[in-house]
Amino acid sequence: MACVKKKEHSADSAEKYVKFFRQSSPYIHAHRGKTFVIMLSGETLAHPNLGNIISDIALMSSLGVRLVLVHGARPQIDERLRERGIKTVIHQGGAGNGRLHNERRVTDRQSLECVKDAAGNMRALIESRLSVGLVNSPMHGARIRVVSGNFVTAKPLGVLDGIDFKHTGEVRKIDSQAIDHLLDSGYVVLLSCLGLSPTGEIFNIEAEEVATRTAISLQAEKLILYAEQQGIFDHQGNLINRISPHEAIKELESQTGESRRLLSSSVTACSDGVERAQIISYQDDGSLLMELFTRDGAGTLISRDHYEEVRGATIEDVGGILELIRPFEEKGILRRRSRKELEREIKLFSVVLLDGMIIGCAALHPYYENGTSAAELACVVVHPEYRSAQRGDRLLAHIEALAEEQGMNEIYVMTTQTTHWFIEREFAEVACDDLPAELKAKYNPKRQSKVLMKTVGG
């Protein structure tokens, strides 16, 4: 009996693995050749999960993603300052580079030595982890080539609020041309929280700023920021899965500390050309893979594009619609539609897309009779895993708006399973004889569908 259970468990695990791998394949194709900037904070580098994070980064590189890694060293700098008995000043507030700075370190000459020491050690740590090639490790055969250099030109932050920040600086320029060349040659580029001035001075810069400015300069597709928490949480303690830059600006008012810094960096990046910024936890094993290779992700996505949208269907959507509706046809909930039929009627369909995947659809068939314009709402489907967030309501609202644009007076729907859902949305049950003649001729008595109608417009 135990053997049977073990076998069943193994089969279940294999099935989940195969399902995940198949679902991730569109993302593998989509990410290949794209540029991602990943920020590894000092806290990330100190966490026990670092080994898994490095393995996931190596996997990204092997899949053809162009990677720039930016690392910080806050806790490591603090540790060295304590060991040497050096007191450092952390200044609250101040502005530079057009944005608010919180808790900026005043870096004097003594502190700078600790910054250089910590940053150098973190660089060596990352390079050594990316060089692991043991047979029994996930890095076996990866052959990651890492390069660092003087790609970040810095300038002093100067005097703010009457405070001289000395060797604390900000980004003046990113050598994006040199970085692009190295990425094209297959290297992973590693940047630190240090920047160099044209006069040879070294400045301590926020790692978030280096990562943000690098992503903007490279016009990267993604800026990925590791954080302690799973992502950004609203004032009620709920994880924000996705948010637009405009909404994120409002959300900044209720955020503090790390969450505020990372959300501010994400807004800046998306406002200046980066398609998406993603905040994930360094404590959660596999958060990078979950965020990049699953539809629901594993953190907070800040996106300047329409991550989710309702639009008219195109011929390219036929396959996705067929995949969505097939299980409902097999259960007898929907009548069967062939690919050819769907291709002929594709212009009548609207779809709900989530990150490029069709998760909902509906068709609006117009009928004109004796001066009256009516329409049939058919093939209304929302994927079972995505029936939250009022997606059915958004789809229905889109269809009703289309009906009004086309001058329709009435929308009819024939359903066997969702009568109450439509009644709750102001549809009323009517007799089959009330259907327009052309639509009545299509009615299948064997299905015993309920007929409902809603008046639109006017």
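Which residues in α6 meet which residues in α7? The legends below take up this contact and the views around it.

**View 1. The whole predicted model, with 15 helices and 25 strands.** This is a predicted model, in which local features need pLDDT of at least 70 and side-chain atom pairs count only at pLDDT 80 or more, while totals for chains, interfaces and linings use all residues. Residues are numbered from 1 along each chain as its sequence is written, and side-chain values use heavy atoms, with hydrogens and water left out. Helices (H or I, at least four residues) and strands (E, at least two) are DSSP runs, numbered from the N terminus. Taken along the principal axes, the C-alpha atoms fill a box of roughly 90 × 60 × 40 Å. Of the 458 residues, 48% count as buried, that is, under 20% relative accessible area with a 1.4 Å probe and protein chains only. Of the contacts (heavy atoms within 4.5 Å) with a separation of 6 or more, 72% come from residues 24 or more positions apart.

**View 2. The contact of helix α6 with helix α7.** Ser176, Ile179, Asp180 and Leu183 in α6 meet Thr214, Ser217 and Leu218 in α7. By class, this contact has three nonpolar, three polar and one charged residues; Ala, Val, Leu, Ile, Met, Phe, Trp, Tyr, Cys and Pro count as nonpolar, Asp, Glu, Lys and Arg as charged, and the others, Gly among them, as polar. The axes of α6 (residues 176-184) and α7 come within 10 Å and cross at roughly 75 degrees, where axes are lines fitted to C-alpha atoms, for helices over the stretch in contact, and angles run from 0 to 180 degrees between N-to-C directions. The two helices are therefore roughly perpendicular to each other, a term for angles of 65 to 115 degrees.

**View 3. Helix α7 packed with helix α9.** Helix α7 (residues 207-218) and helix α9 (residues 257-271) pack at an angle of about 15 degrees, their axes lying 9 Å apart. That makes α7 roughly parallel to α9, the term for angles under 35 degrees. From α7, the contact is made by Glu208, Thr212 and Ile216, and from α9 by Arg261, Leu262, Ser265, Thr268 and Ala269. These residues divide into three nonpolar, three polar and two charged.

**View 4. The open sheet of eight strands, with mixed pairing.** The strand order is β7-β12-β2-β1-β15-β17-β18-β16, two strands being paired if DSSP finds at least two bridges between them. At the edges are β7 (146-147) and β16 (242-243), each of which pairs on one side only. Helix α9 packs on this sheet, touching β1 (35-40), β15 (222-227), β17 and β18, and its direction makes about 180 degrees with that of β15. Strands β17 (residues 276-281) and β18 (residues 300-303) run antiparallel and are joined by four bridges, with Ala277 standing opposite Ile302 in β18.

**View 5. The open sheet of seven strands, also with mixed pairing.** Its order is β19-β20-β21-β22-β23-β25-β24. Because β19 (308-312) and β24 (428-430) stand at the edges with a single partner strand each, one side of each is left without a neighbour in the sheet. Neighbouring strands are turned by 30 degrees against each other on average, direction ignored. Six bridges join the antiparallel strands β20 (residues 349-354) and β21 (residues 357-369), and Val352 has Gly360 in β21 as its bridge partner. Helix α11 (residues 318-330) packs on the sheet, where α11 touches β20, β21 and β22 (372-382), and its direction makes about 85 degrees with that of β21.

Conventions
Parallel < 35°, antiparallel > 145°, perpendicular 65-115°, else oblique. Buried < 20%, exposed > 50% of the residue type's maximum accessible area, 1.4 Å probe, protein only.
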